[in-house]
Amino acid sequence: MINFEEELAKFQPSLEVSDAEDVIYNNDMTDVGDIMKQMLDSMSNTKEH
Amino acid sequence: MRCPYCGAPLTKKKYCDGCKEDVTLYKNALRSSNIYYNLGLEQARVRDLSNAIINLNKSLKLDKNNINARNLLGLCYYETGEVVEALAQWVISKNLMPKKNELADYYIEKVQSNPTKLDNINQAVKKYNFALQSARQDGEDLAIIQLKKVVNLNPKFLKAMHLLALLYIKTGERERAHRILTKARKIDITNTTTLKYLAELGYKSETSQTGQITFEPDKESSFGSLSGYSEDRPNIMAFVNLIIGIIIGIAVVGFLVVPSVKNEMKEEYHSESEESNDANGKMQAQVDSLKATNETLEKKIEKLTSELEAANKTISDNSSTSKVDYAPMFTAIVYYEAQDYEKCAIALTEVDVSSLDIPQAKSLYTVMSTKVYPDVVQKYYQDGRTKCNNGQYDEALAVLLLAYKMDPTNADVLYFIGRSYQKDGDNNNALKYYNILIEKAPGSNRATTAKTRISEIEKAQAQAQPQ
């Protein structure tokens, strides 16, 4: 038996076309390559110190 | 494929030739990204969109530059009614790979080329948000009405269908809920929410003997044209296929397109020819009409010309019949009014009385002549006689002949005319006027004298004739 209130709470407002710009700018584009590069930079900085 | 550290092109080696860093992990990440993309593609092809979206997101976490995965993710979002999410993925894809990204170009152009549909989608989103708000405020009926409109505007809007089904379930309209969920399942066959609500309604998932959910692959779906990722390998068949394709293309052009174009040109020529014939026919009709009009006008001109000639002739005849010169008459009237009776009488001698065609003119002539002639004739007679006696025969004849015009029966005047001619040596004229005198006034003294003068003349002529 589903709980109506719980189910209703799962629904979120949908994005309108005018929100497309925000979606594009706020999109998390970080991938594994970026993480690896950050780690490498972090390691090299550590070595210098 | 480029080195994530320095951007140099990567080879098959485990390290970068540019920065000498180990790129094994990076290459593995890219390979895993492609594996997830292939998995997502397979799931999308069978409309397992929920799982496809999950795997495609994983693929992009491993390689954000996996353009195929990003474009496919956008398409999956679009298919579930999340148009804004879809557009975002395609715009990012286009931004990451501006050139040779035909798929993203195609999708973006497809959405933007139909502003009406995009507006409908946006309206659907707004109504969905409003319905969600209404549902949370216990306004289920209003929410259901709004959601029905939403589903009509965007039949692939999965979230709206789920919310509508949930509201139907709450209001006890289980059949309607089932119908809407069945539609939702055709869009995304393994969506957890759809399956959960169906289970709530007492409908079990249709599973095969192996426990997998069965489905009918939609060969004409949006995902049919997408291809999986594969490693680049030299393939001679591609070249052979290209050649065969070119040959088929040429054959199609030769056998289908060229005859079609020829037929179109023939039809166009025929239609133009018919139009030209029609135009010629119209022109000919106009020419005939103008010719007929011209003939009518020429006949009218002839008729009018003949009428004009007749009118001129009539005018000419009239003018010829009335050649009366009234000028001396008017002159006489002027002198008569001025009481210059001598000049009046002279003017009256110029009038041709027989030609006067107006009775009033004749009457006027008679009145004036009766009034002025006697005195003037008497005066001219006296003057003429004096001049004749003085040997001025020409001057005497000038006044006496005028007097004769005024009164042709005056015996004195006739006598002295004859006498002046006789004295001047003009016996012929002298005899003429003496004879007129004898004829006009036979019993007068002047007639007797005239006879004597005639005898003198005849005697003189007889003497003058040679023996």
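Predicted model: local features only at pLDDT ≥ 70, side-chain atom pairs only at ≥ 80, totals over all residues.
Figure 1. Chain A contains three helices and zero strands. Read from the N terminus, the order of its elements is α-α-α. Of the 49 residues in chain A, 6% are buried.

**Figure 2. Chain B as a whole.** Chain B has 18 helices and zero strands. Buried residues account for 32% of its 467 residues. Among the contacts in chain B with a separation of 6 or more, 45% are between residues 24 or more positions apart.

**Figure 3. The side of chain B that touches chain A.** In this view, 22 residues of chain A are in contact with 31 residues of chain B. On the chain B side, two or more residues each come from helix H1 (24-45), helix H2 (49-62), helix H4 (83-96), helix H6 (115-136), helix H8 (158-170) and helix H10 (192-200). The most are given by H6(B), with nine residues. By class, the residues on this side of chain B are 19 nonpolar, ten charged and two polar.

**Figure 4. Helices H3 and H5 of chain B.** Helix H3 (residues 67-79) and helix H5 (residues 102-112) of chain B have axes that come within 9 Å and cross at roughly 25°. Because an angle under 35 degrees counts as roughly parallel, H3(B) is roughly parallel to H5(B). Their crossing is left-handed. From H3(B), Asn71(B), Gly74(B) and Leu75(B) take part in the contact, and they meet Leu103(B), Ala104(B) and Tyr107(B) of H5(B). Four of the residues in the contact of H3(B) with H5(B) are nonpolar, two are polar and none is charged.

**Figure 5. Helices H7 and H8 of chain B.** The axes of helix H7 (residues 140-153) of chain B and of H8(B) cross at roughly 145° and come within 9 Å. The crossing of H7(B) and H8(B) is left-handed. H7(B) contributes Glu140(B), Ala143(B), Ile144(B), Leu147(B), Val150(B) and Val151(B), while H8(B) contributes Ala160(B), Met161(B), Leu163(B), Leu164(B), Leu167(B) and Lys170(B). The contact of H7(B) with H8(B) has ten nonpolar and two charged residues, and no polar ones.

**Figure 6. Nonpolar cores of chain B.** The largest nonpolar core consists of 64 residues, and those with the most contacts inside it are Leu56(B), Cys76(B), Leu164(B) and Ala165(B). H8(B) gives the most to this core, with ten residues.

**Figure 7. Surroundings of Ala165(B).** Ala165(B) is one of the residues with the most contacts inside the largest nonpolar core. With neighbours within four places in sequence left aside, Ala165(B) is in contact with Ala177(B), Ile180(B), Leu181(B) and Tyr197(B).

Figure 8. Arg47(B) is not a glycine, yet its phi is positive, near 60°. Arg47(B) sits in the loop between H1 and H2 of chain B. It counts as buried because it has 24 C-beta neighbours inside 10 Å, where 20 or more are required. Lys100(B), also not a glycine, has a positive phi of about 55°. Its place is in the loop between H4 and H5 of chain B. Lys100(B) counts as exposed because it has 8 C-beta neighbours inside 10 Å, the limit for exposed residues being 12 or fewer.

Key. Residues numbered from 1 in each chain as written. Chains lettered and ligands numbered in written order. Contact = placed C-beta atoms within 7 Å. Helix = DSSP H or I, 4+ residues; strand = E, 2+ residues; numbered from the N terminus. Nonpolar A, V, L, I, M, F, W, Y, C, P; charged D, E, K, R; others polar. Axes fitted to C-alpha atoms, helices over the stretch in contact; angles between N-to-C directions. Parallel < 35°, antiparallel > 145°, perpendicular 65-115°, else oblique. Left-handed = near helix turned anticlockwise from the far one by under 90°. Core = buried A, V, L, I, M, F, W, Y, C linked by C-beta atoms within 7 Å.
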